[in-house]
Amino acid sequence: MHELSLCRSILQVVERAAGDQRVNAVNLKVGQLRQVVPGTLAYCWGLVTEDGPLAGSSLRIESVPVAGVCRDCGEETEIEQVLVLACGSCGSAAMDLVRGEEFLITTLDLDDRAAS
Ligand SMILES: [Zn+2]
């Protein structure tokens, strides 16, 4: 289950970034080409954080659709069916992928109260 190892990596990054501040939520952007199941990712986050300082924090996952730019006409197309990589404007298959491979921690929601 690669969601579990992803969560361990996120945890390391978040712990380093937050220091001793309390984290309420971690906001993530995940490209659809990553083939991550958001529900599974959130579940694994609960598992990897339950015994540590981040217990009870939530993982908010924003899914980023796959998008490509056509090399023939320059139009950008969001691709719903990754099997069919074609320009939505002219139908060309000469596409450069511009979105869909993200795996980014965008922001941390920190607790306003000072760490005790
Ligand atoms: Zn095109």
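Is methionine 95 buried or exposed? Methionine 95 is buried, because its relative accessible area is 6%. Buried means under 20% relative accessible area, exposed means over 50%, and partly exposed covers the range in between, with a 1.4 Å probe and protein chains only. This is a predicted model, in which local features need pLDDT of at least 70 and side-chain atom pairs count only at pLDDT 80 or more, while totals for chains, interfaces and linings use all residues. Residues are numbered from 1 along each chain as its sequence is written, and side-chain values use heavy atoms, with hydrogens and water left out.

Start with the overall division. Five residues from domain 1 and five residues from domain 2 make up the contact, where contact means heavy atoms within 4.5 Å.

Cysteine 70 is buried, because its relative accessible area is 4%. Cysteine 73 has 36% and is therefore partly exposed. Cysteine 90, at 44%, also counts as partly exposed. How many disulfides are there? The count comes to zero. The rule asks for a pair of cysteine sulfur atoms within 2.5 Å. A disulfide is a covalent bond between the sulfur atoms of two cysteines.

Methionine 95 leads back to this site. Its place is in strand E5. Helices (H or I, at least four residues) and strands (E, at least two) are DSSP runs, numbered from the N terminus. Methionine 95 and cysteine 70 are 25 residues apart along the chain, yet their C-alpha atoms are separated by 4.5 Å. Leaving aside neighbours within four places in sequence, the contacts of methionine 95 include Cys70, Cys87, Thr77 and Ile79.

Serine 92 sits in the loop between strand E4 (76-79) and strand E5 (95-99). Serine 92 counts as buried because its relative accessibility is 11%. Its side chain makes a polar contact of 2.5 Å with the side chain of aspartate 72. A polar contact is a pair of N or O atoms within 3.5 Å; within protein, one must be able to donate a hydrogen and the other to accept it, and residues adjacent in sequence count only if both atoms are side-chain atoms. A polar atom of the serine 92 side chain also lies 3.0 Å from the backbone nitrogen of alanine 94. Not counting residues up to four places away in sequence, serine 92 touches Cys70, Asp72, Leu85, Ala86 and Cys87.

Isoleucine 79 belongs to strand E4. Its relative accessible area is 4%, so isoleucine 79 is buried. Valine 66 is 13 residues away in sequence, but 5.4 Å away in space, C-alpha to C-alpha. Beyond four places in sequence, isoleucine 79 touches residues including Val66, Met95 and Leu97.

Threonine 49 lies in helix H2 and is buried because its relative accessible area is 3%. Its contacts, apart from neighbours within four places in sequence, are Leu11, Leu54 and Ala55. Serine 63, in strand E2 (residues 58-64), is partly exposed because its relative accessible area is 42%. Serine 63 and glycine 31 are 32 residues apart in sequence and 5.8 Å apart in space, C-alpha to C-alpha. Glutamine 35 is in the loop between strand E1 (23-31) and helix H2 (38-49). At 66% relative accessibility, it therefore counts as exposed. Glutamine 35 has a positive phi of about 50° although it is not a glycine.
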